[in-house]
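Here is a short tour for anyone meeting this structure for the first time. Have a look at the sequence and the model, then read on.

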Amino acid sequence: MQGLFISFEGIDGAGKSTHIDAVRQAFLDAGRTVTLTREPGGTPLAEQLRNMVLNDPMDAMTEALLVFAARRDHVQKVIVPALHKGDVVLCDRFSDASFAYQGAGRGFDWQMLETLEYWVQGKLPSQGGNSPADLLKPQTTIWFDLPPAVAAVRLAGARVPDKFESQPQAFFEQVAKGYARRASSDPVRFARIDADQTPSEVRRDVIAVLSERGYFPA
Ligand SMILES: Nc1ncnc2c1ncn2[C@@H]1O[C@H](COP(=O)(O)OP(=O)(O)OP(=O)(O)O)[C@@H](O)[C@H]1O
Ligand SMILES: Cc1cn([C@H]2C[C@H](O)[C@@H](COP(=O)(O)O)O2)c(=O)[nH]c1=O
């Protein structure tokens with residue numbers, strides 16, 4: 001069985017965590033082995049970095065370097081081995097989040113992020129890599145698109161906000177634009193879901209996209 005890599009993206013409160021388990025269950029029902037993981041995080045080292053990124057004040061470049069360092073460890077130790085085993089890897093956020101949050105949200109240079117992506121997810125020239133096609137990227141990215149004002153209402157009082165969740169709505173307007181920019185540059189990989197619907201409608205749309213892509217053979 002071929003490995004399959006799917007990421008879940010969207011602004012904070014868009015509904016990723018609510019729906020990822022239903023996707024996991026659908027793949028298990030289809031007889032697949034699933035690795036469910038998240039970013040930043042997914043390994044003991046990356047979880048330590050997550051803790052810093054989500055809680056400690058730092059500038060945008062430090063944030064970018066830490067999320068990509070965490071990603072490197074995660075890719076090497078979890079994602080690539082799972083894909084080689086033939087697992088379905090479901091990742092709650094991946095590198096699109098760095099472009100949306102550190103790039104569009106914090107204003108960190110987009111090209112520098114592309115360089116980090118190339119280093120962390122690419123095959124180095126010494127390994128035979130020399131083009132963007134050699135980058136490890138999800139085959140499908142489910143993008144939960146939700147107006148920031150709606151996300152703010154959903155998150156209000158739901159939990160103690162972390163450093164990002166405490167940002168004003170204007171920050172999330174920028175983050176949402178970052179996701180839209182990434183989606184328009186990779187329209188085949190991105191599947192936009194209208195997240196401003198009831199949970200069952202969102203779930204229906206997510207499962208429909210994955211079915212249309214042939215991931216649940218009859
Ligand atoms: N379609 C929906 N309609 C109304 N409320 C929803 C919907 N989907 C999720 N919620 C609620 O919104 C809140 C945020 O959802 P969830 O934690 O799944 O978002 P998230 O995208 O994983 O956020 P984060 O990235 O910050 O962890 C939760 O309280 C959840 O119950
Ligand atoms: C991968 C990644 C994540 N972030 C931010 C986005 C979220 O606010 C948090 C993660 O929290 P979640 O509840 O697990 O969604 O981290 C980021 O700024 N940059 C990244 O690359």
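Sorted by class, the residues lining the largest pocket are 14 nonpolar, nine polar and twelve charged; here Ala, Val, Leu, Ile, Met, Phe, Trp, Tyr, Cys and Pro count as nonpolar, Asp, Glu, Lys and Arg as charged, and the others, Gly among them, as polar. This is a predicted model, in which local features need pLDDT of at least 70 and side-chain atom pairs count only at pLDDT 80 or more, while totals for chains, interfaces and linings use all residues. Residues are numbered from 1 along each chain as its sequence is written, chains are lettered from A and ligands numbered from 1 in the order in which they are written, and side-chain values use heavy atoms, with hydrogens and water left out.

A pocket is an open set of points on a 1 Å grid over the protein atoms alone, where a 1.4 Å probe fits, with protein on both sides within 12 Å along at least five of seven lines; lining residues have an atom within 4 Å of a point. Its volume is the space filled by probe spheres set on the points, which are joined across faces, edges and corners.

| Pocket | Volume | Nearest its centre |
|---|---|---|
| Largest | about 710 Å³ | Asp 12, Lys 16, Ser 17, Arg 93 and Arg 159 |

For the second largest pocket, α3 supplies the largest share of the lining, six residues.

Most residues other than glycine have a negative phi, and most peptide bonds are trans. Arg 93 sits in the loop between β3 (88-92) and α4. Is Arg 93 buried or exposed? With a relative accessible area of 11%, Arg 93 is buried (under 20%, with exposed over 50% and partly exposed in between; 1.4 Å probe, protein chains only).

Another backbone detail is the cis peptide bond between Glu 39 and Pro 40, with omega at about -10°. Pro 40 belongs to the loop between β2 (34-38) and α2.

Finally, Leu 65 is found in helix α3 (residues 60-85) and counts as partly exposed because its relative accessibility is 44%.

Definitions and conventions
Helices (H or I, at least four residues) and strands (E, at least two) are DSSP runs, numbered from the N terminus.
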